[in-house]
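This briefing presents a predicted model. The points that follow are grouped by topic.

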Amino acid sequence: MTDTAKTYGGALYDLAAGEQLVDEIWRDLQLVRTVFDENPGYGKLLANPAIAKEERRQLIDEAWRGQVHPYTRNFMKLLCDNGTIRQLPDCAVEYKRRYNLDHGILAVRAVCAAPMRPELQEKLRQKIAAMTGKRIELTVCVDERLLGGVRLELPDRQLDGSVQHQLDAIARRLRNTVL
């Protein structure tokens, strides 16, 4: 993520927090991000310097008026004017990071070898919440390359309980053992 995305995403969050619009703007950003992800050509169109800025601003107004808050639309136009509209998804990531920080939410990704049953997900969520004192936003992903176990990816660290990690640790200990 670029410093520009951090700065702009953080500034939008500060504005939304000051106006008590944090949740509404977050919903807007999710919608806009989905459109950008599903239609890569849309971001290219809005970033195209061959199209006059005013025309690109008009395209944003026509597409998003009534769909998102005016702050969100103006934010998109600002990014468009500055030639940084393609960084909007990263701005949304920074916005979400600030949102989570202010709301005591910890985003955790659990990577498993096979799908995790919902009751195990809930137990894992509760265990992490008890350890951290935060509300846990758990995302579970399957990586078939894992032999077994779970790797937890937190914003500031990784906790690897995978079988491969354990085997690697045993191999390291064996290599360091002097006979």
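K77 is buried, with a relative accessible area of 8%; buried means under 20% relative accessible area, exposed over 50%, and partly exposed in between (1.4 Å probe, protein chains only). The residue is found in helix α5, where helices (H or I, at least four residues) and strands (E, at least two) are DSSP runs numbered from the N terminus. Because this is a predicted model, local features need pLDDT of at least 70 and side-chain atom pairs count only at pLDDT 80 or more, while totals for chains, interfaces and linings use all residues. Residues are numbered from 1 along each chain as its sequence is written, and side-chain values use heavy atoms, with hydrogens and water left out.

**Surroundings of K77**

- The side chains of K77 and D61 are joined by a polar contact of 3.0 Å. A polar contact is a pair of N or O atoms within 3.5 Å; within protein, one must be able to donate a hydrogen and the other to accept it, and residues adjacent in sequence count only if both atoms are side-chain atoms.
- Apart from neighbours within four places in sequence, K77 is in contact with R57, I60 and D61, contact meaning heavy atoms within 4.5 Å.

- The buried residues of α1 are A5, G9, G10, L12, Y13 and A16. They cover an arc of only 160° around the axis, which puts them on the same side of α1; the arc is that of the directions from the helix axis to the C-beta atoms.
- An α-helix has 3.6 residues a turn, so residues three or four places apart point the same way.
- Exposed residues D3, T7 and G18 are carried on the face of α1 turned away from its buried side.
- The cover over the buried residues of α1 includes α2 (22–38), α5 (70–81) and α6 (88–102).
- Q20 is placed in the loop between α1 and α2 and is exposed, with a relative accessible area of 74%.
- Phi of Q20 is near 55°, a positive value in a residue other than glycine.

**Aromatic pairs**

- Rings of Phe, Tyr and Trp (its six-membered ring) pair if their centres lie within 6.5 Å; planes under 30 degrees apart count as stacked, over 60 as edge-to-face and the rest as tilted. By this rule the count comes to 3 aromatic pairs.
- Y13 and Y95 form an edge-to-face pair, with 5.1 Å centre to centre and 75° between the planes. This pair links distant parts of the chain, with Y13 in helix α1 and Y95 in helix α6, 82 residues apart.
- Y13 counts as buried at 2% relative accessibility, and Y95 is buried with a relative accessible area of 0%.
- The rings of W26 and Y95 have centres 6.0 Å apart and planes at 5°, so this pair is stacked. W26 lies in helix α2 and Y95 in helix α6, so the pair ties together parts that are 69 residues apart in sequence.
- W26 is buried, with a relative accessible area of 12%.
- One aromatic cluster is formed by Y13, W26 and Y95.

**Nonpolar cores**

- A nonpolar core is a set of buried Ala, Val, Leu, Ile, Met, Phe, Trp, Tyr and Cys residues joined through side-chain atoms within 4.5 Å.
- The largest nonpolar core has 27 residues, of which M76 and Y95 touch the most other members. Elements giving two or more residues to this core are α1, α2, α3 (40–47), α4 (53–64), α5 and α6, and α2 gives the most, with 6 residues.
- Not counting residues up to four places away in sequence, Y95 touches G9, L12, Y13, A16, L21, V22, I25, W26 and L29.
- A second, separate core of 11 residues includes V108, I128, L138 and L152.

**V142 in strand β2**

- V142 is placed in strand β2 (residues 135–142) and counts as partly exposed, at 42% relative accessibility.
- Leaving aside neighbours within four places in sequence, V142 is in contact with C112, A113, A114 and P115.
- V142 and V93 are 49 residues apart in sequence and 22 Å apart in space, C-alpha to C-alpha.
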